[in-house]
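Hi,

Here is the structure I said I would pass on.

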Amino acid sequence: MYDLNSRKPHPLREGRGSAEREVVRAADGARCMRVALQLKTPSARRLHYWKVGEAIELSRVVKHDDMTP
């Protein structure tokens, strides 16, 4: 299996730029992560999930431009 950089999980940001702060849940310090489920498709889907330590909590599947955690 080969690695696709475009599908790697990355933090969801508060804004559009890579210098923006990561989205962090105040209650427990979990970071919101984002990963591509589809590529080169109109409205490609992304998975948002919360990660704190080794624990993962699935959030939702969104369209590419939806940046809500």
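Histidine 48 has contacts all along the chain: leaving aside neighbours within four places in sequence, it touches Leu12, Cys32, Met33, Arg34, Leu58, Ser59, Arg60, Val62, Asp66, Met67, Thr68 and Pro69. Bear in mind that this is a predicted model. So is histidine 48 buried or exposed? It counts as buried, because its relative accessibility is 0% and the cut-off for buried is under 20%. Its side chain also makes a polar contact of 2.8 Å with the side chain of arginine 34. As for where it sits, histidine 48 belongs to strand S3.

That brings me to the sheet. It is open, with 4 strands in the order S1-S2-S3-S4 and antiparallel pairing. Strands S1 (10–11) and S4 (55–63) are at the edges with a single partner strand each, so one side of each has no neighbour in the sheet. S2 (residues 31–36) and S3 (residues 45–52) run antiparallel and are joined by 6 bridges. On the other pairing of S2, 2 bridges link it to S1, again in the antiparallel sense. Arginine 34, the residue in polar contact with histidine 48, turns up here too: it is the bridge partner in S2 of histidine 10. S2 is mostly covered, with 5 of its 6 residues buried.

Cysteine 32 is the other residue I'd click on. It stands opposite tryptophan 50 in S3. Not counting residues up to four places away in sequence, cysteine 32 touches His10, Pro11, Leu12, Val23, His48, Tyr49, Trp50 and Pro69. Which residues make up the largest nonpolar core? There are 5 of them: Leu12, Val23, Ala30, Cys32 and Trp50. As general background, nonpolar side chains tend to be buried together in soluble globular proteins.

Tryptophan 50 has one more thing to show you. Arginine 25 lies over the face of its ring, at 4.7 Å from the ring centre. How many aromatic pairs are there in the whole structure? The search finds 0.

Cheers

Conventions:
Residues numbered from 1 in each chain as written. Predicted model: local features only at pLDDT ≥ 70, side-chain atom pairs only at ≥ 80, totals over all residues. Heavy atoms only, no water. Phe/Tyr/Trp six-rings, centres within 6.5 Å; stacked < 30°, edge-to-face > 60°. Lys NZ or Arg CZ within 6 Å of the ring centre and 35° of its normal. Pairing = 2+ DSSP bridges. Buried < 20%, exposed > 50% of the residue type's maximum accessible area, 1.4 Å probe, protein only. Polar contact = N/O pair within 3.5 Å; in protein donor to acceptor, adjacent residues only side chain to side chain. Contact = heavy atoms within 4.5 Å. Core = buried A, V, L, I, M, F, W, Y, C linked by side-chain atoms within 4.5 Å.
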